[in-house]
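Dear colleague,

Please find below the structure that I am handing over to you. My notes on what was found in it follow directly after.

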Amino acid sequence: MKSFFSIVRYDYYQRTRSYAFLITLCASLALAYTFVPEPNASYSTIRISDYIGYYNSSWFGYVTAIMTSIFLSLIGFYLVNSGIKADNDTRVGQIVATTPIKNLSYLLGKATSNFAVLFTIVCCVFFMSAMLFFLYNDGYPFEVLQFVKPYLLVVLPPIFFISTLAVVFEVLLGRYSVIQNIAFFFLFTALALASPLEDTHFMTDVFGSKIVTQQMITKVNDISNTATTSGLNIGYVLGNSKETKRFLFEGVDFSAAFILSRILWMLVGVFLLVLIAPFFHRFDRKRLVKMKVVTEQAMAKKRKVNAVILSALPAVQKDYGILAFVKTEMVLLYRHGKRWLWPINLIGMVLLTLLPIVTAHQYVLPILWFLQVGRLSELNTKEITYGVHYFAFTSFKPIGRLLFSQLLSGILLLLFLSVPLLIRYVVASDFLAVATIAVGGIFIVLLASTLGILSKGKKLFEILFFMITYSNINGLAATDYFGGMPHGSFYVPALALICLFLVILGVSVRYLQLRR
C-alpha cells in the first residue's frame, strides 16, 4: 500500500510541474470562462430551441458541469495518457520493475494519479464557475448544493473512467501514440453521440449529461405547451441572442439507479485495469543479442594499431553553410517511422495525380500531410528526447543553422509530397492555389516547430494536428490551412502573417532556452 501511494504522489508531482499541465490548466480556465456566457454575449453554450435558463445556481452548476464533463474528458485523455511512457523514458520504470509491487497496483496507481491531475483542473473550473455566478447571476441566491451535486455525479465518474482508459490504451498501444490519439477520439465521439436507453435511467451515458438535458427539454416543453422540442444544442451557438427566451431550471433529482450507474462506470474502469494487468510489459527491455565467435587471429588483428601519420591527413576545411544540415535532416525524416508508410505516401501522391483536382486538394492532401505527423512532431524535439540537446544547442549558430535547416527540411518534405497537385495547378495556371498549398505547408511545419519548442514534447502538436485534419475532412472552413475551400482575397496574407508570428515566437523561445 505504501508503494501504491508513493506512485500516486510522485507521479502527481511530476505531472503538475510540467509545461503541458500548465498549458492545459490555463486553457481549461479560459474555456471555463466561456461556459456560461455573459448576459450580453452573442452566443450560448446550452440551448433548447430558443430557450436558455435564468442565471441561478442550478443553471450555473449544471451547465458548467456538463461542459466540463464533455470537454475535459476529451482534453484530459491527451494530458494524462503518457504516464507509463514517462517512467520508461526517465528509467524510473526499471526501478519500479525491481520492486515487489504488483502490475495491477502499479496500473491502478497510475490511473489514480491521472484522476488526481484531472480532479485538480475540475476544482479550478469549479471555483471559476462559482466566481462567474456572482458576476452574472440574475439576483438568485448562491446554493452550494446546486454546484456540488452536478460536479460530483456528472463530472467525476467520466473523469475517473477516462483516467483508467488512458492507462489501458497506453498498455495496449504504448508504441503507437498516434493510433492511441485517433482511436480515443473516435471512441469519444461514439460515446458522446450514443443514444442512452431511457428505460434504464440513462445508465449507458458515460458523461452523465443526457439526463440533465432531458429534464431541461421537458421543462421547456411544459412552458411552450408542445409535445416535443427540437433544437437542443450543446456547444458554442452563435447568434439569436436577442430572441432568446428564458425558463427557470431548478436542478435534477437524480434517481438511485442513475447514481448506481455512475459508480458502475468507475468500476468498469477498474475492471479494465484488472483485465490488462497480465499483459503489462513491466518495463522488460531484454533483447536477444547474437554473440559473434571471434578467433584469436581476429582478436590479434584487432589489437594491431596502425601508425597514424598526421601529415598525411587531409586539411581541415571549414563549412558554415546549412546544406549538410539539411541533407542530414532529410535523411532523418526519411528514416523516421515505419518503412511501410512510404508506399502509402506514394499511393497518396498517385491519388493526387489521378483523382479530380478538387477532391485531391480537399481530402487527399490533408490526409497525406497528416501521415507525416510522426516526422513533423519530432522536428525540433528529437534532441531533447534523445538527450543530445546540450550538444546540439552549443553548435555554431544553433538558430540560424540548425533550427532553420530543420524547418527547411520539413517544408521540403511536404512540398515534395504535394508535387503532383502543384504541377496540375501550374498547368491550369492557378498560381493562387499553388501559393496557398506552399503557405499551408510552411504553416504546419512552423506550427509543429513552435509547439515543440514551447512544450518540449510532441504530444501537443499531434493532438492539434489530428483535430485540424479531422475538421478539414468534415468541411470546416475555419481550420483550412492549405486552401482546399473557397476563401476571400485576404486568406493568403492572413495565413502568411500567422506564419510570421509563429516564426517570431518559436525563435524567441528558442533564444531564451539557449541563454539559459
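This is a predicted model: local features need pLDDT of at least 70, side-chain atom pairs count only at pLDDT 80 or more; totals for chains, interfaces and linings use all residues.

**Findings**

L333 belongs to helix α12, which covers residues 323-335. Beyond its neighbours within four places in sequence, L333 is in contact with W342, R375, L379, S409, G410 and L413. L376 deserves a mention as well: L333 and L376 are separated by 43 residues in sequence, while their C-alpha atoms are 8.2 Å apart in space.

When neighbours within four places in sequence are set aside, D11 is in contact with K110 and S113.

Next, the packing of two helices. Helix α14 (residues 357-370) and helix α19 (residues 419-427) pack at an angle of about 150°, and their axes are 11 Å apart. The two helices are therefore roughly antiparallel, because the angle is over 145 degrees. The crossing of α14 and α19 is left-handed. On the α14 side, the contact is made by I357, A360, H361 and L365; on the α19 side, by L421, R424 and Y425. Sorted by class, the residues in this contact of α14 with α19 are five nonpolar, one polar and one charged.

Finally, the aromatic residues. How many aromatic pairs does a search of the whole structure find? The search finds 46 aromatic pairs. One of them joins Y55 and F60, with ring centres 5.5 Å apart and ring planes at 80°. The pair of Y55 and F60 is therefore edge-to-face, because its planes are over 60 degrees apart. Both partners count as buried: Y55 has a relative accessibility of 4%, and F60 has one of 0%.

Ring pairs also link a cluster of aromatic residues. Its members are F185, F186, W369, F370, F443, F461, F465, F466, Y470, Y481 and F482.

With kind regards

Methods:
Residues are numbered from 1 along each chain as its sequence is written. Side-chain values use heavy atoms; hydrogens and water are left out. Contact means heavy atoms within 4.5 Å. Helices (H or I, at least four residues) and strands (E, at least two) are DSSP runs, numbered from the N terminus. Axes are lines fitted to C-alpha atoms, for helices over the stretch in contact, and angles run from 0 to 180 degrees between N-to-C directions. Angles under 35 degrees count as roughly parallel, over 145 as roughly antiparallel, 65 to 115 as roughly perpendicular and the rest as oblique. A crossing is left-handed if the near helix is turned anticlockwise from the far one by less than a right angle, and right-handed if clockwise. Ala, Val, Leu, Ile, Met, Phe, Trp, Tyr, Cys and Pro count as nonpolar, Asp, Glu, Lys and Arg as charged, and the others, Gly among them, as polar. Rings of Phe, Tyr and Trp (its six-membered ring) pair if their centres lie within 6.5 Å; planes under 30 degrees apart count as stacked, over 60 as edge-to-face and the rest as tilted. Buried means under 20% relative accessible area, exposed over 50%, partly exposed in between (1.4 Å probe, protein chains only).
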